[in-house]
Amino acid sequence: MKMTKWMSSVLVAGAVLTLATAAQAHVNVYPKETTTGSYEKYAVRVPVEKDVNTTKVKLEFPAGVKVNTVQPIPGWTYEFEKDKDGVNTALVWTATEGGIKAHEFQEFTFVGANPKEEGQLAWKAYQTYANGEVVEWTGDKDSKTPASVTTIKAGVGEAGHEHGQEQKPATAPAGEAAGAGSNNTLPLVLSGLALLISIVSLFRKKA
C-alpha cells in the first residue's frame, strides 16, 4: 500500500516536470508584459519539437499593434503581409539555408507600436516544417497549440518616438540563449524535483 502511494506521488511529480518542459516547446512572443502607447522590441522564439527542420514562420499581428521595423537574420528572408489598405498584418520568415534543426531554436525580432488601451495581445503563429506540415499556434491557453499572449498595462510611453526612445530588451540577458527557454524552465524543474524529494522523504518517515 505504501509503495503504491509512493509510486503515485512519483508519477504526479513526473507529470509536473513534463508539463513544464512541454510549455517551453511552444512558439512564444516576448516580452510577456509591456506598456500602452510605447514602442516595444518583440522577439518570437521558435523551438523545433520534431525531427524535421522548421523552414517558415508566420506571425499575425494582434489588432491595434503596428509593425514596420524588423531585424534581418542571416539564413532567412522576411516579407510583410498587408491588408487592402496597405497596412502590415503579418510577418513571414522563410529559410534560405536549411532552417531551424531539431533540438534548436531561433528568435525573430521586430519593433511594434503598442495600442493605447490596456488588454491582452494574442499572437497567432504558424510554424511550417520541411515536410510541409504546418503547426498552428492559434488556440487558447489551455489548448495543445496555444497562441502566445502579451499583457498590455498602463504606461507613460507614447508611440511615435521610436528613434529617440531607449528600447527595453525583448528577452532575458544573454545567457538564456544556451537553450530554448532554459532559464524559464529551470525554476519549474527545480520546483518539481523539490516536490518529489519531499514526497519521498515523507513516505520514508512513515515507513
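Tutor: Quick definition before we start: helices are DSSP runs of H or I with at least four residues, strands are DSSP runs of E with at least two, and both are numbered from the N terminus. Keep in mind as well that this is a predicted model.

Student: OK, where is P31 found?
Tutor: Look at the peptide bond from Y30 to P31, which is cis, with omega near 5°. On either side of P31 there is a strand, β1 (28-30) and β2 (33-35). P31 itself is found in the loop between β1 and β2.

Student: What pattern does the protein chain follow, read along the sequence?
Tutor: Start with the counts: the protein chain has two helices and 11 strands. Now read along the sequence, and you get α-β-β-β-β-β-β-β-β-β-β-β-α.

Student: Which are the edge strands of the open sheet of four strands?
Tutor: The order in that sheet is β1-β3-β8-β5, with antiparallel pairing. From one strand to the next, the twist averages 35°. An edge strand pairs on one side only, and here that goes for β1 and β5 (66-70).

Student: Is β3 mostly covered or mostly open, and how many of its residues are buried?
Tutor: For scale, 37% of the 207 residues of the protein chain count as buried. The cut-off for buried is under 20% relative accessible area. β3 is mostly covered, and of its nine residues the number buried is eight.

Student: Does T94 count as buried, partly exposed or exposed?
Tutor: First find T94 in strand β7 (residues 88-95). Buried means under 20% and exposed means over 50%, with partly exposed in between. T94 has 28% relative accessibility, so it counts as partly exposed.

Student: Which residues is T94 in contact with, leaving aside its neighbours within four places in sequence?
Tutor: Think about residues from other parts of the chain: the C-alpha atoms of T94 and K58 are separated by 8.7 Å, though these residues are 36 apart along the chain. Contact here means heavy atoms within 4.5 Å. Leaving those neighbours aside, T94 is in contact with T55, K56, G75, W76 and T77.

Student: And H103, does it count as buried or exposed?
Tutor: H103 lies in the loop between β7 and β8 (105-113). It has a positive phi of about 70° although it is not a glycine. Its relative accessibility is 76%, and the cut-off for this class is over 50%, so H103 counts as exposed.

Definitions and conventions
Residues are numbered from 1 along each chain as its sequence is written. This is a predicted model: local features need pLDDT of at least 70, side-chain atom pairs count only at pLDDT 80 or more; totals for chains, interfaces and linings use all residues. Side-chain values use heavy atoms; hydrogens and water are left out. Buried means under 20% relative accessible area, exposed over 50%, partly exposed in between (1.4 Å probe, protein chains only). Two strands pair if DSSP finds at least two bridges between them. Axes are lines fitted to C-alpha atoms, for helices over the stretch in contact, and angles run from 0 to 180 degrees between N-to-C directions.
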